[in-house]
Amino acid sequence: MSTYVIGDLHGCHAEFIALLEALSFDPRRDRLWLVGDLVNRGPDSLGCLREVRALGDAARCVLGNHDLHFLVAARGGTVKTRSAFGSIVNAPDGDALLDWLQQQPLAVRRDNILMTHAGVLPQWSLDQVETLSVEVEAALSGEQSGEFLARLFGDEPSRWRDDLEDMDRLRFIVNALTRMRFINAEGQLDFSAKRGLGSAPEGFSPWFQFPRRDDATLLFGHWAALEGRTPEAAVNAHALDTGCAWGGTLTALELETGRRTQVPSHQRQEA
């Protein structure tokens with residue numbers, strides 16, 4: 001049995017199928033982990049959701065920031081018919097796909113291996129990340145999930161405190177696990193820079209350049225500009241988003257061997 005971790009799909013369904021074929025993936029034997037952002041940007045978000053959901057227990061997925069953006073828009077009734085999300089909400093199985101997506105966690109863990117969409121604050125232990133992910137899962141599945149989604153967007157608070165409460169607490173958890181790129185030594189988040197390492201604001205560095213107190217293996221996507229690399233990493237972190245939606249590649253990492261398999265994008269290269 002092999003476990004494959006696949007980077008951001010972003011609606012690139014044809015490349016997803018090509019990668020599964022290149023891996024000779026067999027859901028009766030193998031397992032698939034997906035780092036989130038199944039939807040948006042690429043041409044077939046509906047196909048990606050259907051494909052992953054159909055894999056059942058053979059696939060595990062975490063929510064990315066684009067997945068949450070879709071949930072906010074769909075639950076708030078603001079999806080336009082001709083938008084990237086329109087094909088999903090208007091599909092005959094759209095409601096079922098939406099419900100399935102809303103049930104996905106922010107973190108998946110196996111022993112010392114942790115998968116999130118954007119990364120992990122160095123101040124958080126793996127046990128703590130699991131607990132915080134469950135808090136958000138409860139908010140997404142509870143009776144007040146609509147209010148939670150309606151109030152989700154925002155950059156504040158930018159620093160974690162154990163005594164954060166209500167939406168401040170939940171918003172920070174979501175932002176750290178689905179949007180984080182650069183932080184400072186105190187774990188403050190910065191969202192002004194979104195490109196490569198050279199765009200880091202003064203006093204900030206990529207989150208994976210800060211050491212941890214454990215030997216965790218961290219799996220993440222979200223940051224296509226890294227092109228699958230984590231320069232000067234102080235932790236064992238594996239970047240899986242290699243920019244398929246931007247004309248790059250779609251990447252799979254086999255956990256048991258460390259081998260990477262890639263297929264080229266069908267999308268036009270970004271200028």
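Biologist: Is Phe-25 buried or exposed?
Modeller: Buried, at 13% relative accessibility; that word means under 20% relative accessible area, with exposed over 50% and partly exposed in between, using a 1.4 Å probe and protein chains only. Mind that this is a predicted model, where local features need pLDDT of at least 70, side-chain atom pairs count only at pLDDT 80 or more, and totals for chains, interfaces and linings use all residues. Residues are numbered from 1 along each chain as its sequence is written, and side-chain values use heavy atoms, leaving out hydrogens and water.

Biologist: How many aromatic pairs are there in the whole structure?
Modeller: The search finds 10. Rings of Phe, Tyr and Trp (its six-membered ring) pair if their centres lie within 6.5 Å; planes under 30 degrees apart are stacked, over 60 edge-to-face, the rest tilted. One of them is Tyr-4 with Phe-25, edge-to-face at 6.5 Å centre to centre and 70 degrees between the planes.

Biologist: And how buried is Tyr-4?
Modeller: Its relative accessible area is 5%, so Tyr-4 is buried.

Biologist: What about Trp-124 and Trp-160, which kind of pair is that?
Modeller: Edge-to-face, because the planes are at 85 degrees, with the centres 5.3 Å apart. Trp-124 is buried at 2% relative accessibility, and Trp-160 is buried too, at 17%.

Biologist: Switching topic: which ring does the charged end of Arg-179 sit over?
Modeller: That of Phe-191, 3.9 Å from its centre. The cut-offs are NZ of Lys or CZ of Arg within 6 Å of the ring centre and within 35 degrees of the ring normal.
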